[in-house]
Amino acid sequence: MEGNVFAAALEKMDHVKSPEGEILAKPFLDLCKTVLPVLDNFGPAMGPVKSDIGGNISRLETRYLSNQSEFNYLYRIVQSEIESKKAKSSSSCTNALLWLTRAMDFLSELFRNLMVHPDWSMSQVCTDSYDKSLKKWHGWLASTSFSVALKLAPDRKKFMSVVGVKGDDVSDMEDFCGRFSPLLEENHKFLASVGMDTLKA
C-alpha cells in the first residue's frame, strides 16, 4: 500500500455526505476501505482484525446493494433493522456499523497520536490508541489477541513512510483526522440515539 493513504481518503471524503448533510452509505464504506489497508503494515497478527473489519464493511455493502435507493443513506440500514427487530443480532448491519465505527476510532486515534507525540514509539502509539478506543468494548479474549497484534507494530519511521507521510509533513494526516473523526462521532450519536452504542464483544 505505497502512496499517500490520506490524500486518497480526503478525496473520497468530499463525497460522503448528501447536500442535506446525511452520511451516504456507499461513499462512507468506500472511505473506510481506503483506510483499511493501513493494518497490513502490522503483519499477519493483525489479519483477523482486518478480516473482521472487512467483513463489517461487506455486510453493510451487501445490504446497501440489496436496495440502493432505500439504503442510500447509511442510517436507513440501521432504521430498517430496528423496525424489523433485527438490530440486536450479532450478525446485523447495526452491529457491523457499530464495530466498524469503533475500529475506525482506533485508526483515527493512532494517526492522532503519531502527530501529537512525535517522541513516542509505535508500540506506545498503538497501546494508547487501543486503550482510548476499543479496549473498553473488548472482553478478555479479544483484548489479549489485539494486544499481541499491537506488539508486532512496525517501526514508526517505516510506518509513516508506507502511509505516505514524507518527513515531518503531517498536513494530510491532520486534515484527515480533523474531517474523519466528526463522521465517526456522528455514527456514535446516531447509534446511541437508538440504544445501540453500548454492545460489548
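The secondary structure of the protein comprises 9 helices and 0 strands, where helices (H or I, at least four residues) and strands (E, at least two) are DSSP runs numbered from the N terminus. This is a predicted model, in which local features need pLDDT of at least 70 and side-chain atom pairs count only at pLDDT 80 or more, while totals for chains, interfaces and linings use all residues. Residues are numbered from 1 along each chain as its sequence is written, and side-chain values use heavy atoms, with hydrogens and water left out.

### Overall form

Among contacts (heavy atoms within 4.5 Å) between residues at least 6 apart in sequence, 72% join residues at least 24 apart.

| Residue | Loop between |
|---|---|
| His-138 | α6 (122–132) and α7 (140–151) |
| Gly-167 | α8 (156–162) and α9 (171–193) |
| Lys-85 | α4 (74–83) and α5 (93–116) |

His-138 is buried, with a relative accessible area of 17%. Leaving aside residues up to four places away in sequence, His-138 touches Trp-99, Tyr-130, Ser-143, Phe-146 and Ala-201. With the side chain of Tyr-130, the side chain of His-138 also makes a polar contact at 2.7 Å; such a contact is a pair of N or O atoms within 3.5 Å, of which, within protein, one must be able to donate a hydrogen and the other to accept it, and residues adjacent in sequence count only if both atoms are side-chain atoms.

Gly-167, by contrast, is exposed, with a relative accessible area of 66%. Its C-alpha atom is separated by 23 Å from that of Asp-128, which is 39 residues apart from Gly-167 along the chain.

Lys-85 likewise counts as exposed, at 76% relative accessibility. Phi of Lys-85 is near 60°, a positive value in a residue other than glycine. Most residues other than glycine have a negative phi.

How values were computed: Buried < 20%, exposed > 50% of the residue type's maximum accessible area, 1.4 Å probe, protein only.
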